[in-house]
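This report describes one protein structure for a reader who has not seen it before.

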Amino acid sequence: MVKLVAKSAADGLLPLSIGDVTVTELAPDHVTSIGIGKGQKTAISDALKAAHGMALPAPNRATGKEGARCVWFGHAHAMLIGPALDASVEGIAATTDQSDSWTCVRIEGAGAADVLARLTPIDLRDDAFKRGHTARTELAHMAASITRTGANAYDVMVFRSMAGTLVHDLETVMKALAARG
């Protein structure tokens, strides 16, 4: 009989360190989609604050901290990443467990923005994309969420099925930049 073993999306692909950039897989315990119905934003935000210590994020922003973050994910949509969603929020928002649907990686190092700049059209300069800023955007040819979490650190989410492609594209750019010296 075949024994099935759960594996992360980037199992065997990461970590990756080339030049001054490192890519590691993040393994949040939970990823929960929060749909915000008309007139429910304040109630959901208050419930998130009470249960998880963070409010709903403004557009293109993230709230929370390492291990417990709420990320803007589009109009009337956010993702709670890390903790299990409290029942008080489930009762007032449209929620869906997305834990097995996403690959989450952290790209960090002095050249992290240079790597991402070759794969996404968004402006990653320090004055335009600060810590706590987030964007739903294209990364190479994949739909992605990019959140700046530090001076030289970005959390990237793509669909789980794209994990291999994400790592391949990042590795290709990292090698090219490292070769330039």
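## Largest pocket

The lining of the largest pocket is made up of 9 nonpolar, 4 polar and 5 charged residues. Here Ala, Val, Leu, Ile, Met, Phe, Trp, Tyr, Cys and Pro count as nonpolar, Asp, Glu, Lys and Arg as charged, and the others, Gly among them, as polar. The model is predicted: local features need pLDDT of at least 70, side-chain atom pairs count only at pLDDT 80 or more, and totals for chains, interfaces and linings use all residues. Residues are numbered from 1 along each chain as its sequence is written, and side-chain values use heavy atoms, with hydrogens and water left out.

This pocket has a volume of about 260 Å³. Of its 18 lining residues, Leu 26, Pro 28, Arg 69, Ile 81 and Asp 155 are the closest to the centre. Elements that give two or more residues to the lining are strand 5 (68-74), strand 6 (77-82), strand 8 (102-108), strand 10 (142-150) and strand 11 (153-159).

A pocket is an open set of points on a 1 Å grid over the protein atoms alone, where a 1.4 Å probe fits, with protein on both sides within 12 Å along at least five of seven lines; lining residues have an atom within 4 Å of a point. Grid points are joined across faces, edges and corners, and a volume is the space filled by probe spheres set on the points.

## Second largest pocket

The second largest pocket holds about 200 Å³ of space. It has 13 lining residues, and Ala 27, Pro 28, Ser 99, Trp 102 and Arg 160 lie nearest its centre. Strand 2 (21-26) and strand 8 each give two or more residues to this lining, which divides into 7 nonpolar, 2 polar and 4 charged residues.

## Overall build

The protein has 4 helices and 11 strands. These are DSSP runs numbered from the N terminus: helices are H or I with at least four residues, strands E with at least two. Its C-alpha atoms fill a box of roughly 55 × 50 × 25 Å along the principal axes.

## Thr 96

Thr 96 lies in strand 7 (residues 94-97). Its relative accessibility is 41%, so Thr 96 counts as partly exposed, the class between buried and exposed (over 50%). Leaving aside neighbours within four places in sequence, Thr 96 is in contact (heavy atoms within 4.5 Å) with Val 31, Thr 32 and Ser 33.

Definitions and conventions:
Buried < 20%, exposed > 50% of the residue type's maximum accessible area, 1.4 Å probe, protein only.
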